Amino acid sequence: MHGTKLSLCFPLVLPLALLTTIFYEAIAAATDADEITVSYLVPSTKITLHEPVVWRFQVHNSSSVAIQLDLGKNRNENFIVSYTGPQAGAPQTVRLRKGGFGAVGLVSVAPNETYEQDMLLNQWVSFAESGKYEIEIRLLQQESSRVEVHPFRTTIEILPLDPTRLRDVCSGLAQKVDDASSYQKASDAALALSFVRDPIAVPYLQRVLYAKQLVEPIAIGGLEQVGNEEAARVLVDALNGMSPDVALIARAALERMEKQTPNPQLKKLIQRSLGPTTTILNPGWRAVA
Amino acid sequence: MRPATVSSLLALTALASVPVSVPYYASPFTKPSQAHNTQMAQQTTQGAPREIDFPYYSLRDGYSSLLQLVSDSPVSLPIEVTIRSSSGRNILKKDMNISSQEKLMIELQSLVASLNGESEDDFQEGSISVSYASDTRPIMGQITVTNPYLNLIFESRLAINDPGDSNIPAVLEGIWWGLKPGRQTKVMVANTSNSSVTADVSLTFRGQRHLGALISFAPYETKVLSIRELLAKFNADTEFVSEGGITITGHSPSPVLIASGMTADLNSGFSTTMHFPPAGTPQTSTLLAPGVPIGTPSAESPFALAGTFTPHVVVRNLSSSPQTATVSVEYPTASGTQLITLDPINLAAYATKDVALDSTVQDRLPLPLPYCSIQVKNSGSPGSAVAEISSVAHNQDLVVDSKLGDPTDRLSGSGINPWHLDDQTESVLFLANEGDAPARVAFQIQAQRTKPDMFGNTIPARATDGSLFWVKMDRVPMIGRTLVFSSHKGISSNFDCSCTLHCPQGYLALSVAPSSTTMTINGTQQFTATERWGDCSGLIYYYDQTTSSTWTSNSSACTVGNNGLGSSGLATGVAPGSATIKASYTDDVPHWSVALQDCVDNYIQRSASGTANVVAVPTNFRQTSTSDLGNGDVHFTYAWGSTSGNLADLSACTVGEIVTYPGGNPYHWQSPPFPANSTSNPTVSDVAATAGAGVDDNFLYPSSTFVRPYSAASFTATQFFRYKCTNINGGNYVNLLGPLSITRSVQQNTNGTWRFTVTKPTNGQATINALP
């Protein structure tokens, strides 16, 4: 997600940028003679099931020379997340890896500047059920020996589903997309919304799909993941109502949904939308009057 | 059957020859007293909420739209005009008043601009609703959509949508015809409700109904459906399916979808309106259209010199049983009306047929004729067939649509209609008496200018605009319609609803087009200045003032040329930012001076402006490095710049790739020998363009394990790099680089071992040699 460079250090308790949640600084995870501070901040408020979980990565350079960080492709592939879900069991370790084109992961932090970026933890952890999650986040060792990186551990509790709250969260994210002054801001909010794997998100993803903020592929990805009939109808609508570029992506999403869903009604709906054409001959055609 | 041209009515010479008895003025039109008006005003302000909806307007691609509202109310009524954008998400509202007997002519381009909606592309088309309060339904109207440059015109008719009482049909049934190569047929469907609704859309052609995809409508959304595109989805050869029916069935608790349609030929000027009858349309087996031009009209015809016409009778069988349709042509002769009946048209179940009354029919008629009436009688139950009649000039430019009606209907098209006369425009009232006895008709004709002329005539001999009331006085089968057409412009309009006088004639607006545009740095945009004048018949006249205007830009974001300083109105982007591009010119509107007894010049300064938003776009996209990272991962880095020189100006842009694989979705790699991986097909990735750089990895993931037995195999994906910006190319992608072939192969070495290679034609390659 988005990274910014700030000329001043942030206070330890932050009002949050992405949601209305409050972050608190969990730990100053690494220091180099107190010159470079690497911080991880997680939400201080409770999170309910299917809400996006966002953490903030922060690096403050108090030294007199610039430092370089390699966060990996898309600025997230060099983070390794290990977690144990509510059912305990063996820890799962996840490192994101995405082929094809992506953003450069190298970040330069000038003296007395702070670099920070919000990261969507759902990319690593599905948070599919409520309960406590033990999380460890580790940034791969950096080439510069001046940045010493230690793992950060925390517990995140996911409360049971609260539809009203989830709607508010989705609405807030959709509004952020509408109001975004840049693609980066729009895509950050759209990405968070696309990870709400709940039918509640569908109308908000539809709104984002038509927001003209260039985030149509992200919204389509979210709808594909929700994967219900309502989401399919939104995608079908996009086949007719949106540009060929977007329709192509929507069609591809529908094709995958059709292959993966066990729901025969949904399969039929998608097949009917994608063709081949259904030709119904008389007299079996159902009455329309 | 007789036509009455407005000019003949004005001269009061033709009336005596009209076989119907014509009292010139009838008491039903007497205006109520002022005291009564006041009383009514108090009543109507407390009246029931009313709403009328129009399915479509367009300001796109050179189209303009004129909303004409007329009021039969004896008192002035406050109305609220709501313009709904095509997505339904944006609305503009305007409170107005419509006086008693007034005709409001609302030019929608100007209204949208005055409400600051012109910068929204969403308002280039959409739907309109008008709400008011009244115990009756005195307000009627029509939207006329015209493209004067292409000589196209079609009509968007109203639907009554009062709360709990509407005439919106549950099923919209329409006919299209004449869909030949080079033409397009579009159906505009609007959701009049604040709820989402889905609809089944089916096409009927070649005797079969084809049920298409379910279509979703957001609240108040307007969708434009292309018949040609719908046909393509049914694998129909669109070149050879020229006519058929469309059925739109909304799925909502009460009907909320309304529609209008048109077929147009952008080259020839051919345009015809597709109607979707409202609920409550009289169910009849006999339909009649009066005043149809056929062949080369005779010298006394109102269509004289307008061309040579071939009427088309298009009939659609809505039922599941075969039936026939019998077409009769009635024509006037010195000894009275004569009639020929054609062979019955066999209509299979759900069939649509376009029957051209060409030379084989015309040879049976005593041509030339001034006009004819066409009757269509179907053998099935009333309402089981619908029909449309349009007469097409041989040069295809002029199409005279003749609405079919039921002669036994109480109203039969009577009411208030506008008329307009000039050198190129004729207005005709066609009346057809289908009964055996003479019929009486009452007229009231008014001119827009109500002051007597110098000879004391209430209606000046040179009056050009006014209104015509007509109503039948006897219970006889009769039908009528008013036609206003301009053969030189290739356009005609039908009026058979209440329209009245007092319409403003003259200057409407000066507009600059485009009203808002987005340009790239060094990109150009031609602005044009067009003056619009309107007349009482709803026709709009356009005058290009581009070269006679002085053009200015208020910002260094772009420059604009004038004569002698670049081309007039041609703007060039210079730097990111916004500029108001203004056109100013002095209009000379001469007027008659009583004092001087001569025409004197009257100079009026006019100006209008548009907005140019100049934006930066990604440029100089290039590969900056390539490397083999091992394990079959070929890695590339790319960089790009901004046309403004500042990457921060690309905040509304992305740079990314699309990679397409040669198979299904997901694309499964051939395994063995490749790892059993699958890939979304296509894959699409975008990053923020402000980054100025990106990486591209082509690796083996999630599995890197090649599967035995090994064999020679390869597959090639195709990659494009591209950008998109919110306001460039409609937010669609623009290619930067490609196509590039990404080829993965397993091949055998001469020593019998196997190797894997991934290559791109830009010096990028990674190899695993030898495979384990």
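Guide: Happy to! In this predicted model, the buried residues of helix H2 (residues 183-194) of chain A are covered from both chains: what covers them includes strand E12 (113-120), helix H1 (163-179), helix H3 (202-209) and helix H4 (216-226) of chain A, together with strand E49 (653-660) and strand E52 (683-688) of chain B. H2(A) itself has 12 residues and spans 16 Å from its first C-alpha to its last, close to the 16 Å expected at 1.5 Å a residue. Of those 12 residues, 9 are buried, so the helix is mostly covered, with "buried" meaning under 20% relative accessible area. Among them are A:Tyr183, A:Asp188 and A:Leu193, along with several alanines, including A:Ala186 and A:Ala189.

Now for the interface between the chains. Chain A contributes 45 residues to the contact and chain B 59 residues, and together they bury about 4,400 Å², 54% of it on carbon and sulfur atoms. The rule also finds 5 salt bridges across this interface; in one salt bridge, the side chains of A:Lys73 and B:Asp697 meet at 3.3 Å, N to O. Polar contacts across the interface come to 20 residue pairs, both residues at pLDDT 80 or more. On the side of chain A that touches chain B, H2 is one of the elements that each supply at least two residues, and others include H4, helix H5 (229-241) and helix H7 (264-274). The largest share of that side, 7 residues, comes from H6(A). By type, the residues of that side divide into 16 nonpolar, 15 polar and 14 charged.

Technical notes
Residues are numbered from 1 along each chain as its sequence is written. Chains are lettered from A and ligands numbered from 1 in the order in which they are written. This is a predicted model: local features need pLDDT of at least 70, side-chain atom pairs count only at pLDDT 80 or more; totals for chains, interfaces and linings use all residues. Side-chain values use heavy atoms; hydrogens and water are left out. Helices (H or I, at least four residues) and strands (E, at least two) are DSSP runs, numbered from the N terminus. The expected span of a helix is 1.5 Å times one less than its number of residues. Buried means under 20% relative accessible area, exposed over 50%, partly exposed in between (1.4 Å probe, protein chains only). Contact means heavy atoms within 4.5 Å. Buried area is the accessible area (1.4 Å probe) that two parts lose on being put together, summed over both. A salt bridge is a side-chain nitrogen of Lys or Arg within 4 Å of a carboxyl oxygen of Asp or Glu. A polar contact is a pair of N or O atoms within 3.5 Å; within protein, one must be able to donate a hydrogen and the other to accept it, and residues adjacent in sequence count only if both atoms are side-chain atoms. Ala, Val, Leu, Ile, Met, Phe, Trp, Tyr, Cys and Pro count as nonpolar, Asp, Glu, Lys and Arg as charged, and the others, Gly among them, as polar.
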